[in-house]
Amino acid sequence: MKTTAIVNSNIALVKYWGKRDEKLILPNNSNISVAYDKLNTITTVEFNLDYSKDIFILDSNEITDGPVFKKTTEHLNIIRQKAGIETRAKVVSKNNFPTAAGLASSASGFSALAFAGSKAAGLNLDQRELSILARLSGSGSASRSLIGGFAEWMKGEKADGSDSYAIQIAKPDYWPEFRIIVAIISEARKKTSSTDGMNLTVKTCPLYQGWLNTIEQDLENVRKGIAEKNFTLIGSTAEFNCLKMHATMITTQPSLIYWMPETLEIIHSVLDWRKQGLEGYFTIDAGPQVKIICLEKDVEEINNKLCSIPSVKKTIICKVGKEAILTDNHLF
Ligand code: PMV
């Protein structure tokens, strides 16, 4: 059976950085994200006896080796094992945004592979099982992408990871005024993957325990901020959480500096705008792009200011994205 899924990417307000189990992809800390309505991956999967090996086409290029191909075939193996089949698959996947540049392409990509792949293999998994399957790809944030709205990936306590999955904590239409502006300054692929980066941080960063010690308070603030629609509380917590994560990245050995000079230029601008009363907060993942969260009333002004910074190539204004869906518009 051929199946196609569309999954939105997501941005963490409280970040995941570091694993308690590298094989099962279990995080050291729970984390919370919001889905982007405009950034998505569409993936078609077909298991067919005509294929003698797995075929993977990403953004119109056939990928035949390297870490992404390896992760993809390993993920297909997990699906095959669950479904009790050995059939090879063809996977065609497209992102409507730059791949591996810090816009969480692996989150939406592996979530879409888990959703479309499991359906195509004849499995009928519920949301909890899909979230667990998605994180087994290696991209932990994939566990949050299927969920839509505001999602919390609970770290869980069990060694087998059965209690570590994402749940929706607010629906996509819960906060219609919430906006995320993505400022793209570089479309280059990042040098160190999140997987390699976070493993190095856990092993070598002297500040890592400090990061973990402050997470519970950040989670509480963001949950409260969502429940009470307290934008200032969410924004200030998300920005500080991002800075704390980057402090652990920068103090990893060798150092992981995902920021570019342009990243810092935007950081300073957002801080200046806030002093002038324009309420936006920045957040940055393992890449140079900056995302600014704000409310509808300020989105136009913040976006105009961003677009007047010469290093900003493009902005994408997003609302809160929806849950993953299946479609009959297959890519092949
Ligand atoms: O899920 P991964 O392995 O792509 O790692 C995601 C790491 C961050 O994007 C930096 C934080 C997060 O929670 O999304």
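1. In this predicted model, 35 residues of domain 1 are in contact with 54 residues of domain 2. Domain 1 covers residues 2-175 and domain 2 covers residues 178-318, and the C-alpha centres of the two domains lie 23 Å apart.

2. The contact between the domains can also be described as an area. About 3600 Å² is buried between domain 1 and domain 2, and carbon and sulfur atoms give 68% of that figure. On the side of domain 1, Lys15, Trp17 and Trp175 supply 27% of the area buried against domain 2, which is more than any other three residues supply.

3. Polar and charged pairs are found across this boundary as well. Between domain 1 and domain 2 there are 13 residue pairs in polar contact, counting pairs in which both residues have pLDDT 80 or more, and the count of salt bridges between the two domains is two. Which strands, then, each supply at least two residues of the side of domain 1 that touches domain 2? They are strand E1 (2-14), strand E4 (31-47), strand E8 (150-153) and strand E9 (166-170), and E4 gives the largest share, with eight residues.

4. Two salt bridges deserve a look in the structure itself. In general, side chains of opposite charge can pair when their charged atoms come close. Glu152 forms a salt bridge with Arg223, and the closest N and O atoms of this pair are 2.9 Å apart. Lys15 forms a salt bridge with Asp285, where the closest N and O atoms are 2.6 Å apart. Lys15 sits in the loop between E1 and strand E2 (19-21), while Asp285 sits in the loop between strand E11 (281-283) and strand E12 (290-295), so this pair ties together parts that are 270 residues apart in sequence. A search of the whole structure finds 11 salt bridges.

5. The ligand has 15 residues around it, and those that come nearest are Tyr16, Ser139, Gly140, Ser141 and Arg144. For Tyr16, a backbone N or O atom lies 2.9 Å from an oxygen atom of the ligand, and for Gly140 a backbone N or O atom lies 3.0 Å from an oxygen atom of the ligand. With Ser141 the side chain is involved, as one of its N or O atoms is 2.6 Å from an oxygen atom of the ligand.

6. Most residues other than glycine have a negative phi, and most peptide bonds are trans. Gln253 and Pro254, however, are joined by a cis peptide bond with omega of about -5°, and Pro254 is found in the loop between helix H8 (231-250) and helix H9 (261-275). Ser60, a residue other than glycine, has a positive phi, near 70°, and Ser60 is found in the loop between strand E5 (55-58) and strand E6 (61-62).

Notes
Residues numbered from 1 in each chain as written. Heavy atoms only, no water. Domains from an automatic or database assignment. Contact = heavy atoms within 4.5 Å. Buried area = accessible area lost by both parts, 1.4 Å probe. Salt bridge = Lys/Arg side-chain N within 4 Å of Asp/Glu carboxyl O. Polar contact = N/O pair within 3.5 Å; in protein donor to acceptor, adjacent residues only side chain to side chain. Helix = DSSP H or I, 4+ residues; strand = E, 2+ residues; numbered from the N terminus. Near = heavy atom within 4 Å.
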